[in-house]
Amino acid sequence: MASLRTISRKSGIVTTTDGTQTVLLSFPIPTGAVCSIDANVVARSSTGDGARVEKTQTFRNVGGTITAIGALLDIVALVTDVSLIGVAVTMAVNGTSVEVKVTGLIATTIDWFTEITAYIN
């Protein structure tokens, strides 16, 4: 079996203005790989309020089908100013990629930034 051992970093930005779930970043999982993704997400509203969360989840790609191994976990629980209570961050499989998704708030402009670290084996 060929070795896939590598560490990959990728960043993403997006702006939300409502409560619609939005893709912040998409990361492809190579076929035959097990990949642990750590996502550090920071949000800043147009009024200067902020939020931060760090999540981790592990995935496998067998024959082009990605499945999660275990649950999505908080490394650092969501920390937020009162005005941003209700924002959310999650990870989800879409095809052969994993997406980091964010949900903002109605009538609130929020700039989101993430950097992920993917440990691929």
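1. Buried means under 20% relative accessible area, exposed means over 50%, and partly exposed lies in between, with a 1.4 Å probe and protein chains only. By that scale Ala107 is exposed, with a relative accessible area of 74%. Ala107 sits in the loop between strand 7 (97-103) and strand 8. Its phi is near 60 degrees, a positive value in a residue other than glycine.

2. On the source: this is a predicted model, in which local features need pLDDT of at least 70 and side-chain atom pairs count only at pLDDT 80 or more, while totals for chains, interfaces and linings use all residues. Residues are numbered from 1 along each chain as its sequence is written, and side-chain values use heavy atoms, with hydrogens and water left out.

3. The chain has eight strands and zero helices. Here helices (H or I, at least four residues) and strands (E, at least two) are DSSP runs, numbered from the N terminus. In sequence order the pattern is β-β-β-β-β-β-β-β. The radius of gyration is 15 Å, close to the 14 Å that the globule rule gives for 121 residues, so the chain is as compact as a globular protein of that length. That radius is taken over C-alpha atoms, and the globule rule is 2.2 Å times the number of residues to the power 0.38. The C-alpha trace spans about 50 × 25 × 20 Å along its principal axes.

4. Of the 121 residues, 37% count as buried. The accessible surface of the chain comes to about 6300 Å², and carbon and sulfur atoms hold 55% of that surface. Accessible areas come from the Shrake-Rupley method with a 1.4 Å probe; for residues, only the protein chains shown count as cover.

5. Contact means heavy atoms within 4.5 Å. Among contacts in the chain with a separation of 6 or more, 65% join residues 24 or more positions apart.

6. Strand 3 (residues 34-45) has two partners described here. With strand 4 (residues 50-62) it pairs in the antiparallel sense over eleven bridges, and Asn40 has Glu54 in strand 4 as its bridge partner. With strand 8 (residues 110-120), strand 3 also pairs in the antiparallel sense over eleven bridges, and the bridge partner of Ala43 in strand 8 is Trp112. Two strands count as paired if DSSP finds at least two bridges between them.

7. Strands 3 and 4 form a hairpin with four residues between them. Gly48, in the turn, has a positive phi of about 95 degrees.

8. Ile110 belongs to strand 8 and is buried, with a relative accessible area of 0%. Ile110 and Arg60 are 50 residues apart in sequence and 32 Å apart in space, C-alpha to C-alpha.

9. Thr6 lies in strand 1 (residues 6-16) and is partly exposed, with a relative accessible area of 40%. Not counting residues up to four places away in sequence, Thr6 touches Ala118, Tyr119 and Ile120. Between Thr6 and Thr31 there are 14 Å in space, C-alpha to C-alpha, and the two are 25 residues apart in sequence.

10. The chain carries 8 positive and 9 negative charges, whose mean positions are 11 Å apart. Lys and Arg count as positive and Asp and Glu as negative, while His and the chain ends are not counted. The place of a charge is taken as NZ of Lys, CZ of Arg, CG of Asp or CD of Glu.
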